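Please look over the sequence and the model shown here.

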Amino acid sequence: MTNVAASAVADYPLNQWYCAAFSTELGQQPLARTICDRQIVLYRGEGGRAVALTDRCPHRKAPLSGGRVLGDNIECPFHGMLFAPDGSCVDIPCQRAIPPAANVRSFPVVERHGHVWLWPGSAPPDEGLVPDMHWLVDPALSAVNGVMEIACNYLAALDNLLDDTHLSFVHRNTIGTPKIVKADIDIEGDADWVGFARWTLDTPPSAMHAMAGGFTTNVDRWFNVRFTKPSTVLIDVGSAPVGSGAPQGNRASGISLFSNGTVTPSTPATCLYFWHTARTFKVGDAAFSTSLRAHMEETFIEDKEILEAVQRNRACDAEKLPDLNLAGDAVTVRARRIIAALVEKER
Amino acid sequence: MTNVAASAVADYPLNQWYCAAFSTELGQQPLARTICDRQIVLYRGEGGRAVALTDRCPHRKAPLSGGRVLGDNIECPFHGMLFAPDGSCVDIPCQRAIPPAANVRSFPVVERHGHVWLWPGSAPPDEGLVPDMHWLVDPALSAVNGVMEIACNYLAALDNLLDDTHLSFVHRNTIGTPKIVKADIDIEGDADWVGFARWTLDTPPSAMHAMAGGFTTNVDRWFNVRFTKPSTVLIDVGSAPVGSGAPQGNRASGISLFSNGTVTPSTPATCLYFWHTARTFKVGDAAFSTSLRAHMEETFIEDKEILEAVQRNRACDAEKLPDLNLAGDAVTVRARRIIAALVEKER
Amino acid sequence: MTNVAASAVADYPLNQWYCAAFSTELGQQPLARTICDRQIVLYRGEGGRAVALTDRCPHRKAPLSGGRVLGDNIECPFHGMLFAPDGSCVDIPCQRAIPPAANVRSFPVVERHGHVWLWPGSAPPDEGLVPDMHWLVDPALSAVNGVMEIACNYLAALDNLLDDTHLSFVHRNTIGTPKIVKADIDIEGDADWVGFARWTLDTPPSAMHAMAGGFTTNVDRWFNVRFTKPSTVLIDVGSAPVGSGAPQGNRASGISLFSNGTVTPSTPATCLYFWHTARTFKVGDAAFSTSLRAHMEETFIEDKEILEAVQRNRACDAEKLPDLNLAGDAVTVRARRIIAALVEKER
């Protein structure tokens with residue numbers, strides 16, 4: 001197994017869609033986000049369209065995100081230069097002429113299934129590459145979501161979504177059980193994606209699944225996990241009472257959670273983690289949604305803590321020994337190779 | 001217009017006077033200030049004279065500013081070495097002899113009109129270069145003042161004092177009105193100074209001037225702004241009711257504020273901003289002084305916030321595109337050229 | 001006097017014993033400490049033995065100090081790899097085989113007289129070099145202790161323990177008196193150690209000794225201070241009423257404090273200071289121990305403040321003039337030479 005995990009990735013595949021925000025986060029109040037080392041201001045013009053511009057006025061480099069949205073445009077808070085959604089300057093209050101350099105970069109944005117996707121690269125954007133998450137807006141399901149900044153390299157956060165062997169340790173009190181790390185997995189994939197299926201049969205439910213499904217007996221639990229480039233993981237996970245036929249395809253007695261995690265690089269040492277979980281049970285139950293959201297947040301804070309501890313531990317590591325890959329890294333190593341190939345292709 | 005604003009100035013003209021403190025700040029309690037990258041301790045000896053020494057004991061580099069003033073001298077807090085106002089060591093408690101290297105640098109200091117001016121350079125100081133601010137101590141006027149550390153390069157803070165086009169945006173709720181940015185200016189100057197005059201006629205008063213002058217109708221407002229090297233801006237600003245003759249020279253019905261702002265470089269990313277405002281109205285009204293001071297502070301906090309946001313935004317700017325100069329920068333660009341020429345001359 | 005003090009020591013003698021913790025600090029809860037730039041986890045296995053391992057799992061570099069102690073082993077909190085006291089991996093939950101690279105470094109540890117000593121170097125450890133502090137566990141004495149992180153280079157903290165001339169200034173309100181800096185000292189030592197004796201005769205007691213000894217008249221005070229490599233200082237200090245015969249060897253009317261200070265480098269700009277003070281009076285008086293401990297802490301916070309101020313002042317010092325050595329530095333300069341020779345020998 002080559003040592004992909006150990007290589008410090010200082011750049012990102014740029015001609016890809018990255019989640020910049022949830023649709024619900026965007027309004028007339030500008031939102032500042034750092035995406036692939038680019039400072040970006042996001043807002044929604046009066047027509048409702050999502051806009052993403054470089055968050056740095058060409059005049060004196062003030063952050064536009066401190067300014068006002070006026071109609072579809074955004075005003076620099078320092079001297080009032082006004083920028084349109086395409087990044088062109090449409091007004092310079094102190095003068096009549098608008099010089100050619102008076103503009104900021106506008107980034108392609110696509111809004112789909114509650115996510116605002118941004119294309120940081122300079123190649124023409126390909127809308128066909130936007131990850132499909134249509135179930136998030138399926139009226140037959142209920143969904144909760146959240147966004148979290150994690151002070152770690154985005155690849156480590158992505159590994160974490162793809163690797164469920166850490167559930168037995170990091171999440172032993174929330175979504176993990178001891179058997180997960182021991183169960184075999186089936187891996188599939190090609191040059192563009194990689195995924196795996198895992199079953200733990202006849203085990204006590206995790207604390208979270210017991211809460212969600214009200215299980216009082218052992219359960220069969222499934223994980224169907226799939227990485228899609230550049231940095232999204234789709235997770236179909238659930239539990240059902242032993243003997244109710246889940247391994248044979250009958251999930252009727254169980255609970256199913258469709259979780260999507262997408263990780264956006266901010267800087268080499270920070271990232272944004274967007275999670276969105278739809279469920280097939282207790283649909284429309286707002287009180288349960290609140291409770292589930294709190295349980296998910298608790299779980300992800302466990303991830304955030306270990307990921308940030310690792311990042312700090314790497315930062316003060318003078319030895320810089322290569323990482324040691326284990327059997328449990330088979331999927332994450334393949335995902336990293338897919339990303340490395342994308343980076344390589346852009347060089 | 002050449003791009004003076006964009007050049008990162010890593011040094012300062014040193015053979016110049018910079019404000020180190022207000023006279024009222026200095027007493028027997030030592031004051032630590034960083035001026036042009038030099039750590040300096042300021043204090044007033046028992047004779048009342050202001051003293052400025054390198055804030056670093058030659059023995060083990062302890063900050064003298066943590067020590068006691070004894071008579072005219074200052075004692076190192078670590079091992080008691082005693083330094084005179086000229087920087088010479090006059091006592092080493094653990095030994096009798098005083099070696100030649102046992103001294104710190106003493107900086108020339110001139111105290112005038114309530115300001116303590118310090119000469120950080122090694123050329124002989126020229127007292128003729130101390131900025132004239134005699135009106136600050138004119139008994140016919142009342143004055144308020146303040147000092148603020150701003151986490152930005154001092155040139156950006158200096159630009160801000162010289163540029164009133166930002167008033168229409170940064171200070172729209174305090175001292176700004178929309179028309180300022182649109183009004184024409186007359187620029188004057190030479191190799192040593194630059195200034196401008198601006199009038200906004202028949203406009204609603206700014207919030208602050210309305211408060212100060214009790215105006216209920218439109219006003220004519222004037223700005224007479226003058227930069228003097230190395231980093232002081234003198235601002236004569238006021239408002240008078242339309243028709244009361246202010247543009248013709250009769251300010252009797254209006255309010256006049258003589259503001260002096262002087263900016264002292266601390267480090268490349270921090271500076272000290274000293275402001276001092278004298279007024280021709282409500283002279284001796286202490287309650288009004290308190291209120292005016294609070295309004296000025298509120299205004300300068302608006303400046304501090306945008307200047308620090310710009311500094312942070314420049315710090316993470318990987319593109320480093322040159323700044324784009326606008327018509328509103330005509331004065332600041334000339335002031336920066338004057339400073340750049342001073343730096344060049346010292347090389 | 002050559003300028004040893006001024007040289008920035010970027011490394012440490014590694015084939016030496018450094019204090020990693022007090023014995024009372026170690027239990028089944030892992031303790032993270034940085035020692036000579038090495039991140040280390042310390043814990044006590046179920047057999048009670050102290051263990052010190054590199055605090056960085058070879059898999060993904062997670063800090064083992066966030067994990068659980070299981071028997072004599074420690075579990076990585078991320079994916080459950082289990083490490084034995086010798087640093088070998090004894091279980092990888094996700095796979096059967098344990099590859100050769102699956103281990104962490106184990107550091108030699110010796111526990112003696114309440115201190116846990118760690119050998120960071122790669123040469124075979126020599127237990128004969130562990131500092132002797134048997135009086136700390138002498139049942140005829142009572143002892144109090146404490147550990148403090150100081151944000152300064154460890155050599156500066158070590159100097160401070162060896163130099164009592166600063167007592168007249170830094171500690172004028174606690175353990176210092178004006179005469180200390182003026183008293184002569186007798187220095188002894190060789191290539192491995194250096195020490196001195198100092199008496200201040202017929203002086204008012206320090207605030208702390210007056211409290212401890214209940215003195216109402218002048219006292220004779222002694223200091224017997226000895227540096228032993230690599231970074232421990234043994235201090236025999238006390239006061240006795242004038243005329244009670246202390247200078248002639250009769251301490252019966254006085255108080256004696258045997259303080260040991262040992263300083264452990266963490267990083268070039270931080271260190272750990274362990275202090276331990278045994279006394280010959282009020283033995284077994286718990287209330288007095290509490291009070292004495294508070295007085296000692298107060299004193300050491302005075303040290304911490306000046307040492308950290310010096311460190312900050314050095315960090316922003318652009319001139320980097322060499323330190324000026326004084327007569328009062330005769331002992332610290334010799335101690336630094338002993339350390340420099342150790343470093344040199346390891347090169």
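Two residues are in contact if their C-beta atoms, placed from the backbone, lie within 7 Å. By that rule, 21 residues of chain B meet 21 residues of chain A. The side of chain B that touches chain A holds 12 nonpolar, 5 polar and 4 charged residues. The classes are simple: Ala, Val, Leu, Ile, Met, Phe, Trp, Tyr, Cys and Pro count as nonpolar, Asp, Glu, Lys and Arg as charged, and the others, Gly among them, as polar.

Chain C also touches chain A. Here 21 residues of chain C are in contact with 21 residues of chain A. On the chain C side, 11 are nonpolar, 6 are polar and 4 are charged.

The model is predicted: local features need pLDDT of at least 70, side-chain atom pairs count only at pLDDT 80 or more, and totals for chains, interfaces and linings use all residues. Residues are numbered from 1 along each chain as its sequence is written, while chains are lettered from A and ligands numbered from 1 in the order in which they are written.

**Chain A as a whole**

Chain A has 4 helices and 17 strands. Helices (H or I, at least four residues) and strands (E, at least two) are DSSP runs, numbered from the N terminus. The C-alpha trace of chain A spans about 75 × 50 × 35 Å along its principal axes.

How does the radius of gyration of chain A agree with that of a compact globule? For 347 residues, such a globule would have a value near 20 Å; chain A has 22 Å, which agrees. The radius is taken over C-alpha atoms, and the globule rule is 2.2 Å times the number of residues to the power 0.38.

Buried residues make up 47% of the 347 residues in chain A. A residue is buried if 20 or more other C-beta atoms lie within 10 Å of its own, exposed if 12 or fewer, and partly exposed in between, with C-beta atoms placed from the backbone. Among contacts in chain A with a separation of 6 or more, 58% join residues 24 or more positions apart.

**Two domains in chain A**

The domain assignment gives domain 1 (18-128) and domain 2 (134-346) in chain A. Such bounds come from an automatic or database domain assignment. The centres of these two domains of chain A, taken over C-alpha atoms, are 32 Å apart. In chain A, 10 residues of domain 1 are in contact with 14 residues of domain 2. On the domain 1 side, β1 (18-22) and β2 (31-35) of chain A each supply at least two residues. β1(A) gives the most, with 4 residues. That side of domain 1 of chain A divides into 6 nonpolar, 3 polar and 1 charged.

**Backbone details**

| Peptide bond | Omega |
|---|---|
| A:K229 to A:P230 | near 0° |
| B:K229 to B:P230 | near 5° |

A:P230 sits in the loop between β14 (219-228) and β15 (232-241) of chain A. B:P230 lies in the loop between β14 (219-228) and β15 (232-241) of chain B.

Next comes phi. B:D202 is not a glycine, yet its phi is positive, about 55°. B:D202 is found in strand β13 (residues 193-203) of chain B. Is B:D202 buried or exposed? B:D202 is exposed, with 12 other C-beta atoms within 10 Å.

B:K320 is a residue other than glycine with a positive phi, near 50°. The loop between α3 (286-315) and α4 (330-346) of chain B holds B:K320. B:K320 is exposed, because 9 other C-beta atoms lie within 10 Å.
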